[in-house]
Amino acid sequence: MTNNKFPSISIVGATGAVGKVCLDILAERNYPFEKIKLFASKRSIGKRISYKGNDLIVNEANKSSFDGSDVVFISADSQVSLDLAPAAVNSGALVIDDGSAFRMKENVPLVVPEVNEEDINSHEGIISIPNCTTTPLVMALSHLRKISNIKRIQASTYQAVSGSGSLAVSELKNQTENILNNEKISKSVYPHQIAFSLIPQVDDFLEDGYTKEEHKMVNETRKIMHDNNLNISVTCVRVPIFYCHSESVSVDFEDDIDIQEIVNLFSNADGIKLINDGKNENYPTPSMVEGKDDIFIGRIRKDLGSSRGVNFWLVSDNLRKGAALNAVQIMESAIKLGKIPNFVG
Ligand SMILES: NC(=O)c1ccc[n+]([C@@H]2O[C@H](COP(=O)([O-])OP(=O)(O)OC[C@H]3O[C@@H](n4cnc5c(N)ncnc54)[C@H](OP(=O)(O)O)[C@@H]3O)[C@@H](O)[C@H]2O)c1
């Protein structure tokens with residue numbers, strides 16, 4: 001059993017959009033470099049990633065990579081998670097998985113520490129983080145439900161291309177340059193041009209006309225809030241910006257609501273910052289929120305059609321609270337709760 005301040009960490013997907021931000025966050029916390037091992041695909045063997053003045057070398061991830069690791073972050077794709085997570089658990093590590101492979105499994109807690117940290121106690125080796133649009137939404141909803149029973153939630157998202165990984169960031173950059181230079185564009189990540197346009201599709205369509213992303217938001221929100229009957233519907237839209245997801249959210253309650261009470265609740269909430277001064281044109285935007293840990297809320301207003309409804313706007317950095325930061329915070333909560341099998345902090 002390791003017994004010191006920092007658990008040994010492996011990051012699978014260290015060369016990707018989330019993996020890189022995970023390293024930034026660990027560096028901000030002064031995590032020692034000798035406690036970190038980096039993994040990615042064959043393509044990245046031998047790559048060097050600078051971390052606090054040291055070069056960390058990337059190795060190919062395989063089932064025997066995790067001996068001696070207390071925590072394994074997996075930020076790759078679902079198949080990689082399915083292949084490697086059981087081996088990591090068998091080697092005694094706690095797996096914190098960023099993808100969707102395990103999120104809805106009954107024995108896998110799906111966690112946003114500000115909302116359901118206690119669910120970490122029931123893990124059996126794997127903990128999942130939610131989709132990057134679900135996390136900020138549940139952070140807001142977990143406070144709103146203190147006011148009155150929630151009758152219905154409707155949300156529309158405005159999702160940055162980095163939510164689809166680093167190839168999508170390059171696709172938006174290249175298409176933007178191509179169009180400004182009057183050149184032909186090419187596309188491989190998205191089915192349509194994303195530069196100077198938007199795409200009302202995130203992930204594949206299902207039979208009911210909704211996309212997988214929309215279903216993920218609904219199902220994950222219900223799981224995290226422990227309410228399978230939560231009445232929620234969403235529309236997910238990809239927009240031509242690089243970082244930060246925004247959401248326009250409407251919530252209907254059982255009773256009349258007081259907007260000031262909602263403002264007060266959000267003002268005092270962990271992980272939430274308010275920029276809520278529409279008259280002075282102050283509200284959160286993606287460019288303001290990029291690189292920030294908190295989620296930002298503004299434009300809080302009563303529904304024009306109902307005294308029991310509120311509408312608001314939220315923005316969060318999808319690579320930080322939407323992914324890497326939430327994963328690191330789960331590790332920190334697991335340390336606090338004594339729930340990392342081979343590690344005593
Ligand atoms: N982007 C977001 O906002 C966000 C938010 C929440 C959750 N997530 C989830 O986080 C995960 C990573 O997303 P991302 O945006 O970082 O994707 P990405 O930029 O495409 O990075 C993918 C990473 O996976 C690695 N990889 C690919 N095949 C592998 C293999 N066979 N073995 C080991 N590593 C392999 C890649 O390594 P190479 O460089 O060697 O190819 C790369 O490091 C996904 O599951 C995604 O759903 C993403």
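**Pockets of a predicted model**

In this predicted model, helix 1 gives the most to the lining of the second largest pocket, with four residues.

User: What makes a residue count as part of the lining of the second largest pocket, and how many residues line this pocket?

Analyst: A lining residue has an atom within 4 Å of a point of the pocket. The second largest pocket is lined by 14 residues, and among these Ala17, Lys20, Val21, Tyr243 and Leu319 lie nearest its centre. Helix 1 and helix 5 are the elements that give two or more residues to this lining, while by class the lining divides into five nonpolar, four polar and five charged residues. The space in this pocket is about 210 Å³.

User: Why is the second largest pocket said to lie between domain 1 and domain 2?

Analyst: Residues of domain 1 (9-130 + 323-336) and of domain 2 (134-160 + 198-318) both take part in its lining, and therefore the second largest pocket lies between them.

User: Which residues lie nearest the centre of the largest pocket, and which elements give two or more residues to its lining?

Analyst: Of the 50 residues that line the largest pocket, Ala76, Asp77, Gly163, Ser164 and Gly165 lie nearest its centre. Helix 1 (17-28), helix 2 (78-90), helix 5 (166-180), helix 6 (212-224) and helix 9 (320-336) each give two or more residues to that lining, and the volume of this pocket is about 1400 Å³.

User: How many residues of each class are in the lining of the largest pocket?

Analyst: The lining of the largest pocket has 21 polar, 18 nonpolar and 11 charged residues, with at least three residues drawn from each of domain 1 and domain 2.

Technical notes:
Residues are numbered from 1 along each chain as its sequence is written. This is a predicted model: local features need pLDDT of at least 70, side-chain atom pairs count only at pLDDT 80 or more; totals for chains, interfaces and linings use all residues. Side-chain values use heavy atoms; hydrogens and water are left out. On a 1 Å grid over the protein atoms alone, a cavity is a set of points where a 1.4 Å probe fits but cannot get out, and a pocket is an open set with protein on both sides within 12 Å along at least five of seven lines; lining residues have an atom within 4 Å of a point. Grid points are joined across faces, edges and corners, and a volume is the space filled by probe spheres set on the points. Ala, Val, Leu, Ile, Met, Phe, Trp, Tyr, Cys and Pro count as nonpolar, Asp, Glu, Lys and Arg as charged, and the others, Gly among them, as polar. Domain bounds come from an automatic or database domain assignment.
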